[in-house]
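Look over the fold below before reading on. The paragraphs that follow start with a few charged side chains, then turn to an annotated residue and to the chain as a whole.

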Amino acid sequence: MSTRILIVEDEEALTLLLRYNLEAEGFVVDSAARGDEADLRMQEQTPDLVLLDWMLPGLSGIELCRRIRARRETERLPVIMLTARGEESDRIRGLGTGADDYIVKPFSVPELLARVRALLRRAKPAHVANLLVAGDIELDRLSHRIRREGREIHLGPTEFKLLEFLMQSPGRVFSREQLLDGVWGHDVYIDERTVDVHVGRLRKALNRARQSDPIRTVRGSGYSFDEMFAAAE
């Protein structure tokens, strides 16, 4: 079953941006522009996660969050609050009302997506999107298949895990040590230069016929999945 996310936001342009990026990640997205409308929607069908604006017509985000926590059906529902209010007292109030996370506008979409995935992993591990999509690359976690521009790409198990790890956080730079921990595990003792070898293999498999390279080398730091590539249509 696909993971369902409810966006409660009265800025239409932001809702469209979030919907586009979340659907590209494989999530099913619903939206409401008013707090009272979202309240009714959740009584009819409970989503798997809510992106909740603070300032809403009909019913404020703070009050809606209180109602979510007061109902037995939704008391553990993951909620990320979106707001232009960045003062420490506002963050404390939002988190104190029951929000699981709090992100201040304007925000980075890749960062928001990373927070959504992290929260879902903690709350409902089985509900994390099975299909990762970035630019023209699709990674299917269930079938362990990768396609680029419709062409199937064959990777070894380590290269698959490396690509999956990088695609989960576009734009974030990971050191070789972080990649070793995230892909190979904490208890495996491997030379850090092994990462370079597997990145080279991954690049060779992904980049054919002068296709753009989605893996960015950050000199002296490590590697990242290029966020500009991930945002490209």
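Arg-66 counts as partly exposed, because its relative accessibility is 41%; buried means under 20% relative accessible area, exposed over 50%, and partly exposed in between, with a 1.4 Å probe and protein chains only. This is a predicted model, in which local features need pLDDT of at least 70 and side-chain atom pairs count only at pLDDT 80 or more, while totals for chains, interfaces and linings use all residues. Residues are numbered from 1 along each chain as its sequence is written, and side-chain values use heavy atoms, with hydrogens and water left out.

What does the side chain of Arg-66 meet in a salt bridge? The partner is the side chain of Glu-63, at 3.4 Å from N to O. A salt bridge here is a side-chain nitrogen of Lys or Arg within 4 Å of a carboxyl oxygen of Asp or Glu. Arg-66 and Glu-63 are separated by about one helical turn because they are three residues apart in helix H3 (residues 61-70). Helices (H or I, at least four residues) and strands (E, at least two) are DSSP runs, numbered from the N terminus.

Glu-63 is partly exposed, at 28% relative accessible area. Glu-63 also forms a salt bridge with Arg-67, where the closest N and O atoms are 3.5 Å apart. These two residues, Glu-63 and Arg-67, both lie in helix H3, four residues apart, which is about one turn of the helix. Arg-67 counts as partly exposed as well, at 32% relative accessibility.

Another salt bridge joins the side chains of Asp-100 and Arg-69, at 2.9 Å from N to O. This pair links distant parts of the chain, 31 residues apart: Asp-100 is in the loop between helix H4 (88-97) and strand E5 (101-104), and Arg-69 is in helix H3. Asp-100 is partly exposed, with a relative accessible area of 38%. Salt bridges that share partners also join Asp-39, Glu-63, Arg-66, Arg-67 and Arg-71 into one network. A search of the whole structure finds 21 salt bridges.

Now to the annotated residue. Asp-53 is found in strand E3 (residues 49-53). Is Asp-53 buried or exposed? Asp-53 counts as buried, because its relative accessibility is 4%. An unreviewed UniProt entry places the feature "modified residue: 4-aspartylphosphate" at Asp-53; UniProt positions are given in the numbering used here, feature names are shortened, and annotations may be inferred rather than shown by experiment.

Finally, the chain as a whole. The protein chain has nine helices and eleven strands, and 44% of its 233 residues count as buried.
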